[in-house]
Amino acid sequence: MKKYFELSLMMITGLLVSCGGGGPYGPMGLGGWGPMMHYGFGYGGTFMWIIFLIVIGLLIYFIVNAQKTKDRAESPLDILKRRYAKGEITKEEYERMKKDLEG
């Protein structure tokens with residue numbers, strides 16, 4: 001078990017070191033583009049992934065909210081029933097309006 005732990009620790013360390021760009025010598029060699037070019041890894045790549053995930057999360061949030069408001073739309077008959085229940089209209093007005101809506 002200890003051997004697997006040490007092996008996984010070495011693999012994780014190697015992965016982290018390789019994503020760091022190798023310091024000033026980097027993947028482009030000495031005098032290369034430095035921290036600008038890490039092939040999508042390093043701090044710049046991490047921030048881009050975070051921004052990408054935030055944008056995806058916001059898109060999902062707005063799509064779900066749009067679906068909820070679409071489902072909540074009341075029919076004219078529901079509005080009429082609510083107005084009658086609140087006492088805004090009389091029974092005769094309710095019956096007349098209901099007849100107009102259904103016919």
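Hi everyone, let me start with a single side chain: Tyr 61 has a relative accessibility of 48%, so Tyr 61 counts as partly exposed. On that scale, buried is under 20% relative accessible area, exposed is over 50%, and partly exposed is in between, with a 1.4 Å probe and protein chains only.

A word on what we are looking at. This is a predicted model, where local features need pLDDT of at least 70 and side-chain atom pairs count only at pLDDT 80 or more, while totals for chains, interfaces and linings use all residues. Residues are numbered from 1 along each chain as its sequence is written, and side-chain values use heavy atoms, with hydrogens and water left out.

Now the overall layout. The chain has 4 helices and 0 strands, and from the N terminus on the order reads α-α-α-α. Helices here are DSSP runs of H or I with at least four residues, strands are runs of E with at least two, and both are numbered from the N terminus. Of the 103 residues in the chain, 7% are buried.

Back to Tyr 61, then. Which residue does the ring of Tyr 61 pair with? The structure holds 2 aromatic pairs. In one of them, the rings of Tyr 61 and Phe 62 have centres 5.4 Å apart and planes at 65 degrees, so this pair is edge-to-face. For the cut-offs, rings of Phe, Tyr and Trp (its six-membered ring) pair if their centres lie within 6.5 Å; planes under 30 degrees apart are stacked, over 60 edge-to-face, and the rest tilted. Phe 62, at 53% relative accessibility, counts as exposed.

The other pair is Tyr 84 with Tyr 94: ring centres 4.6 Å apart, planes at 20 degrees, so stacked. This pair links distant parts of the chain, with Tyr 84 in helix H3 and Tyr 94 in helix H4, 10 residues apart. Is Tyr 94 buried or exposed? Tyr 94 is buried, at a relative accessible area of 10%, while Tyr 84 is partly exposed at 33%.

That brings us to the two helices themselves. Two packed helices are described by the angle between their axes and the distance between the axes. H3 (residues 76–86) and H4 (residues 91–102) pack at about 175 degrees, with axes 10 Å apart. The axes are lines fitted to C-alpha atoms over the stretch in contact, and angles run from 0 to 180 degrees between N-to-C directions. Contact here means heavy atoms within 4.5 Å, and the residues making it include Leu 80 and Tyr 84 of H3 and Tyr 94 and Met 97 of H4. By class, the H3–H4 contact has 7 nonpolar, no polar and 4 charged residues. Nonpolar covers Ala, Val, Leu, Ile, Met, Phe, Trp, Tyr, Cys and Pro; charged covers Asp, Glu, Lys and Arg; the others, Gly among them, are polar.

Last item: how many salt bridges does a search of the whole structure find? The search finds 1. Arg 83 bridges to Glu 88, with the closest N and O atoms 3.1 Å apart; the criterion is a side-chain nitrogen of Lys or Arg within 4 Å of a carboxyl oxygen of Asp or Glu. Arg 83 is partly exposed at 31%, and Glu 88 is partly exposed at 48%.

Thanks, everyone!
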